[in-house]
Amino acid sequence: MNNATFPEWRGRLEYVCIGCGSHFPASNLLYTCPKCGSVLLLEDMAAPELKKTSGVKWREIFDGRMGTRIPALSGIFRFYELIAPLPDEEDIVWLGEGNTPEIEAAKRFQQEVGISFSFKNDGQNPSASFKDRGMACAFSYLKWLCRHHGWKEVLTICASTGDTSAAAALYAAYVGPPLKSVVLLPMGKVTPQQLSQPLASGAVVLELPGVFDDCMRVVEILAKKYRVALLNSKNSWRILGQQSYAFEIAQWHDWNMAGLCLFVPVGNAGNITAIMAGCLKMYELGIIDALPRIFGVQSEHANPVFRYYGQPEDKRIWQPVKVRPSVAQAAMIGNPVSFPRVKYLAEKYVQVAGEKSFQIVQVSEQQIIEAMLAANRHGHIACTQGGECLAGLKNALAQGLIGAGEKAILDSTAHSLKFSGFQEKYFNDSFEPEYEIKPDPALANRPEELLANVEAASLPVDELAARGADAVANRLNLIEIESEK
Ligand code: F0G
């Protein structure tokens, strides 16, 4: 294998049903098992051949690709053989996704919280959320499919809390025909910034009264009845692409994941699925020799996975919940489609890494928003879901679930700017009662108007500058420098 050229290796990818174990070829799009209706994962049947290359060699290959100038290997497909070794170089879409920075929390912030932690800023992806990882993979596969089948038009469709739709629309706009993007959103439940994204990309944007779970049901019906490409994480190609998050963390830590605790917000549960699957894959190939611990985090207002794992092990019953308004709105999901995958992978995970290697913690809305504000006041760009992770870390610490020798990596899944409306509500004390958030007025930060009563427009520019400078100096009690004689 040569780092300067695109790999020749191709895998044999098959859909594997996690319900009945049936296999289906990857030459067509498939979302649920045609035999039993359960969700699928993609497996590379040729993966045993990857084991012929040592873990050390794989590390060298992936490290060697870090400086590549081949666009197709510059993002998530740096880990081509581990992700989806099927599309050819010409199929791979790279819009700059992946390689997001892991930023050490400000030292004084780590001291305040009482543990070592960092944020992995997945909001620094092109559409400003982690969804681009999965979309890069799904769209590369779609391009490959269209080429092989000679398809003339393919409608891509997704339900979304705002980020899947932004990512899907962006990649579809870049690829262009034969792909055309349609997104279905719960009306009034995505932020204005998120809504602006698919509109900008030229997607057909449809809004449905209801919550995400209602939209999800609609697209599931459409995917069964019509030939549309479903881009929710029910699409297993998305899960493959999102595994890159785990690969990047391993690589950043020089392939040593011992003592790492990954905190992940859980909504539709695709991300936590991908992270567990990615870690297990690296472990099986000897690329890492210790698995990190995984902490899923959910809000009290959308907590079906927390509730499930909170029951005694032999009596667990899966029950979707009716969601309540949440500032972690992108994860406000009561019936996550990937829950069966989480259950399936968590069992495997704890078998290898021990009982405490997979846990779900719960946080309040008040904790989420205040954790986000605290993070951003310490120079981070955490979204509400990133705040959710920090709140989860604090609770895990308080409950003794995580110890001093460990390091937490918090997934800030989107950019803070997408969720600035929630900051606004906090600062203006304008949350609707259902959020159950009582702002602390001391934390509010507002712009202050200078020269409020002056007809600024009528002043000559020099006068405005002089009066402005005086007003700033008064506000800040600035002391004039003694003029040099
Ligand atoms: N964080 C953000 C910013 C998200 O957009 C989502 C999910 C999650 C966390 C939860 O991740 O679903 O993989 O468990 N957003 C989806 C969407 C549902 O439609 O944008 P998950």
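**Salt bridges, pair by pair**

A: Arginine 217 is partly exposed, with a relative accessibility of 45% (buried is under 20% relative accessible area, exposed over 50%, partly exposed in between; 1.4 Å probe, protein chains only). The model is predicted: local features need pLDDT of at least 70 and side-chain atom pairs 80 or more, while totals for chains, interfaces and linings use all residues. Numbering runs from 1 along each chain as its sequence is written, and side-chain values use heavy atoms, without hydrogens and water.

The side chain of arginine 217 meets that of aspartate 214 in a salt bridge of 3.3 Å, N to O (Lys or Arg side-chain nitrogen within 4 Å of an Asp or Glu carboxyl oxygen). About one helical turn separates the two, because they are 3 residues apart in helix α8, residues 212-225 (helices: DSSP runs of H or I, at least four residues; strands: E, at least two; numbered from the N terminus). Aspartate 214 is also partly exposed, at 28%.

In total, the structure holds 21 salt bridges. Another of them pairs aspartate 88 with arginine 147 at 2.8 Å, N to O. This pair links distant parts of the chain, 59 residues apart: aspartate 88 is in the loop between α3 (80-83) and β4 (102-104), and arginine 147 is in helix α5, residues 131-149. Aspartate 88 is partly exposed at 23% relative accessibility, and arginine 147 is partly exposed at 38%.

Glutamate 448 and arginine 475 form a salt bridge whose closest N and O atoms are 2.4 Å apart. Glutamate 448 lies in the loop between α16 (420-427) and α17, and arginine 475 in helix α17, so the bridge ties together parts 27 residues apart in sequence. Glutamate 448 is exposed at 53%, whereas arginine 475 is partly exposed at 46%.
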